[in-house]
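Please look over the model before reading on.

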Amino acid sequence: MSGGFLVSGAIGALLTATLPTHATPSTIVNPPPDRIVIEVATVNGSGCPKDTAQVAVSQDNTAFTVTYSQYLAQIGGGAPPTAARKNCQLSLIVHVPHGFTYAIASADYRGYASLAPGAKATEKASYYFQGSPDTAARTHNFSGPQEDNWQTTDVTDWAQLVWAPCGVQRNFNINTELRVTRGTSSPSSTSYMTMDSTDGSINTIYHLAWKECPDK
């Protein structure tokens, strides 16, 4: 996937409460009427080889989805040591309606874990705007035995949201990671973790919070 890849689309999304800058936390306003448009500037990482990650935006501007098709970390079963950790970094150019800014209020991740007794796995994600020192990061740990779908949700309190700067175009970066370790499991066992659903792809949904930019 290369720069300038234009993405749009319709997905189901949970409405995220949004606040104008002058409002109290109890005030709720609708997201801006114009849809956002996202261009993928770069996509890099062992968990998202070329053309295996796609982005779509909900029609109501409250969420976007990243879909992966080859995101898998594994130990054992003849897998090389480098297969135990996979990552993917997306750099997105987000065009927002005039007069508004946005933040990532929550993110949903799901996949499948096959962990032998004693094996460990980690799912980690971080989000930050280009040139900003503020980074939101969350980590979720898993332990074997496990043979099931998994889902995690990262939620950020309103007071801790990291907002895109008003009036300045800054790329939004998402860095995700899957890691599997043998732990106390048998050396002959195989363990793996995917960002993968039953149809062979994972929809990672990022819910947006909106607020109005202050008048100049």
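## Terms and basis

Buried means under 20% relative accessible area, exposed means over 50%, and partly exposed lies in between, with a 1.4 Å probe and protein chains only. This is a predicted model: local features need pLDDT of at least 70, side-chain atom pairs count only at pLDDT 80 or more, and totals for chains, interfaces and linings use all residues. Residues are numbered from 1 along each chain as its sequence is written, and side-chain values use heavy atoms, with hydrogens and water left out.

## Salt bridges

A salt bridge here is a side-chain nitrogen of Lys or Arg within 4 Å of a carboxyl oxygen of Asp or Glu. The count by this rule is two.

Glu 177 pairs with Arg 85, with 3.4 Å between the closest N and O atoms. This pair links distant parts of the chain: Glu 177 sits in strand S11 and Arg 85 in strand S6 (residues 85-95), 92 residues apart. Strands (E, at least two residues) are DSSP runs, numbered from the N terminus. Glu 177 counts as buried because its relative accessible area is 14%. Arg 85, at 34%, is partly exposed.

Arg 179 also forms a salt bridge with Glu 177, the closest N and O atoms lying 3.0 Å apart. Shared partners join Arg 85, Glu 177 and Arg 179 into one network. Arg 179 is partly exposed, at 35% relative accessibility.

## Nonpolar cores

A nonpolar core is a set of buried Ala, Val, Leu, Ile, Met, Phe, Trp, Tyr and Cys residues joined through side-chain atoms within 4.5 Å. The largest has 44 residues. Phe 64, Tyr 68, Leu 92, Tyr 127, Phe 172 and Tyr 206 touch the most other members. Strand S7 (residues 100-115) gives the largest share, seven residues. Another core lies apart from it, with five residues, among them Ala 103, Ala 105, Leu 161 and Ala 209.

Contact means heavy atoms within 4.5 Å. Leaving out residues up to four places away in sequence, Tyr 206 touches residues including Phe 64, Ile 104, Tyr 109, Tyr 127 and Ile 174.

## Asn 171

Where does Asn 171 lie? Its place is the loop between strand S10 (146-155) and strand S11 (172-181). Asn 171 counts as buried because its relative accessibility is 16%.

Beyond four places in sequence, Asn 171 touches Ala 41, Ser 91, Leu 92, Ile 93, Tyr 128, Phe 129 and Gln 130.

Technical notes: Helix = DSSP H or I, 4+ residues; strand = E, 2+ residues; numbered from the N terminus.
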